[in-house]
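These are notes for a colleague who has the coordinates open.

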Amino acid sequence: MRAVGTVASPRARIYTEGWQSWSPTGWWTPDRPWPAPPAHDVEAAMRRRPGRPVPDGVLRGEGLVVVDPGDGGPVRVYGATDPEGEVPSLDVHVEPGHVTVHADGPVAVAEARDVAAAFAGFADAWAPAAGVAAPRPPAPRVWCSWYQYFEDVTAADVAENVRALDEHELPVDVVQLDDGWLRSTGERLAPRPEFGPVADLVAEIRASGRETGVWLAPFVVGAGSTVAREHPEWLVGDAGFNWGDRLVGLDLTHPGVRGLLTAAAERVRDLGVRYVKADFLYAGAVPGARHDRAASGTEAYRSGLRLLRELLGPDVYLVGCGAPILPSVGLVDAMRVSPDTFHEGAEDGSAGLRGRAPLEARAWQHGRLWANDPDCAVLRPQFALREEWDRVVTRFGGLRSFSDRVAGLDEWGLAAARRLLTDDPPAGPFPDDVVLAAVPR
């Protein structure tokens, strides 16, 4: 790595952009706890940038670091320059009285009068170069199956909630079948038999005046899956562990994998789906040997996401999740900018609001790069943090969704759902007070 700049200040405030949706992202100061190292290899593969460990005592930004000296002086921006190329890693060394930034690739260094202008300047350069279209389609209002039913969801569960949305006149545009409607990854989009008839459910959702959304994990397979067993030449490298199996990233430069993506997109379009949440996308960028030996992980990822975008077509609203942030700009309509609200076993709120810090820190991305997806509001009485999370999602969410059995909502929950769905977020960037909410005082 080479040094690209130094800021002299004992009170510096430092923003580091994480690699993907679930990576640590936010503002740090010399006396504020920094992100802890990954606890194990799975966390390193699924929450950080694989193959690029962070040295001890260093803050890491992937493609973007902002340093505010905290003394009224100009804010320094260190940013990647090429949306189609490799994203540089930036290491921030904090020493008494100054901050030095090192980079392993091309970086542009700019100054801004304040933090809000710093983010706007970077976005105004990156977004058009990455192909962000204007105007962007408005974010739909979504009911999602995940946080109520997890992987045990059935078509009957979803149909019950469609009828309940009508009964309570909740203005939902998209009914999303999240993880659980399909067999495990690497089974060529085969529905889970226990789920029930998908086509009939899609027809019922359409008859209600709504569109169907589906969850996919198109860039990853289980090591024990049919695709992995039949086509080991399509696999790249380790992508963590989930669904009881080791995960492996697909080679998005391989003609066979691109054919697999084509078949998946055709299946989705044949169902009449108009909303896709593409999850675990980081797997398309993991290190490893590829069919196109000249392509880096980032370049392979962007080529695969561009193909998926083209195959789905402009009338399908595409949401990225678990996705490399800067390489996804211009290719998705919305982006999850935080980890999951909770995992199974923490439905009572005991795990805290896991996604709050990165959601607030990434507020600058909304309306500039895409619509920020804060993850679902959870409004049922059993979730102890529902009121606090509702306030956060309402303020920082650019895509509004909730994930409860409608029949299980009490009076407060129904009122909160109606308010969430009718209080439209801005189509453009958030006001400065929202963008700056996460900056340490």
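1. Gly61 has Leu90, a residue of β7, as its bridge partner. The model is a predicted one, and this pair belongs to an antiparallel pairing of β4 with strand β7 (residues 89–95), which is made over 4 bridges.

2. That pairing sits in an open sheet of 4 strands, ordered β1-β8-β7-β4 and paired antiparallel. The edges are held by β1 (2–8) and β4 (59–62); each has a single partner strand, so one side of each lacks a neighbour in the sheet. From one strand to the next, the twist averages 25°.

3. β4 also matters for reading the largest pocket: 4 residues of the lining come from this strand, the largest share. The space in the largest pocket is about 520 Å³. The lining counts 27 residues, and those closest to the centre of the pocket are Pro37, Pro38, Arg48, Val54 and Arg60. By type, the lining divides into 14 nonpolar, 6 polar and 7 charged residues.

4. A further open sheet is formed by 5 strands in the order β3-β2-β5-β6-β9, again with antiparallel pairing. Which strands stand at its edges? They are β3 (26–28) and β9 (108–112), each with a single partner strand, so that one side of each is left without a neighbour in the sheet.

5. For a residue-level check, Tyr15 stands opposite Trp27 in β3.

6. How many disulfides does the structure hold? The number is 0. For Cys321, the closest cysteine sulfur is that of Cys376, at 9.8 Å, which is too far for a bond. Cys376 is in no disulfide either, and the nearest cysteine sulfur to its own, that of Cys144, is 4.0 Å away.

7. Are Cys321 and Cys376 buried or exposed? Cys321 is buried, its relative accessible area being 0%. Cys376 counts as buried as well, at 5% relative accessibility. The limit for buried is under 20% relative accessible area.

How values were computed. Residues are numbered from 1 along each chain as its sequence is written. This is a predicted model: local features need pLDDT of at least 70, side-chain atom pairs count only at pLDDT 80 or more; totals for chains, interfaces and linings use all residues. Side-chain values use heavy atoms; hydrogens and water are left out. A disulfide is a pair of cysteine sulfur atoms within 2.5 Å. Buried means under 20% relative accessible area, exposed over 50%, partly exposed in between (1.4 Å probe, protein chains only). Two strands pair if DSSP finds at least two bridges between them. Helices (H or I, at least four residues) and strands (E, at least two) are DSSP runs, numbered from the N terminus. Axes are lines fitted to C-alpha atoms, for helices over the stretch in contact, and angles run from 0 to 180 degrees between N-to-C directions. On a 1 Å grid over the protein atoms alone, a cavity is a set of points where a 1.4 Å probe fits but cannot get out, and a pocket is an open set with protein on both sides within 12 Å along at least five of seven lines; lining residues have an atom within 4 Å of a point. Grid points are joined across faces, edges and corners, and a volume is the space filled by probe spheres set on the points. Ala, Val, Leu, Ile, Met, Phe, Trp, Tyr, Cys and Pro count as nonpolar, Asp, Glu, Lys and Arg as charged, and the others, Gly among them, as polar.
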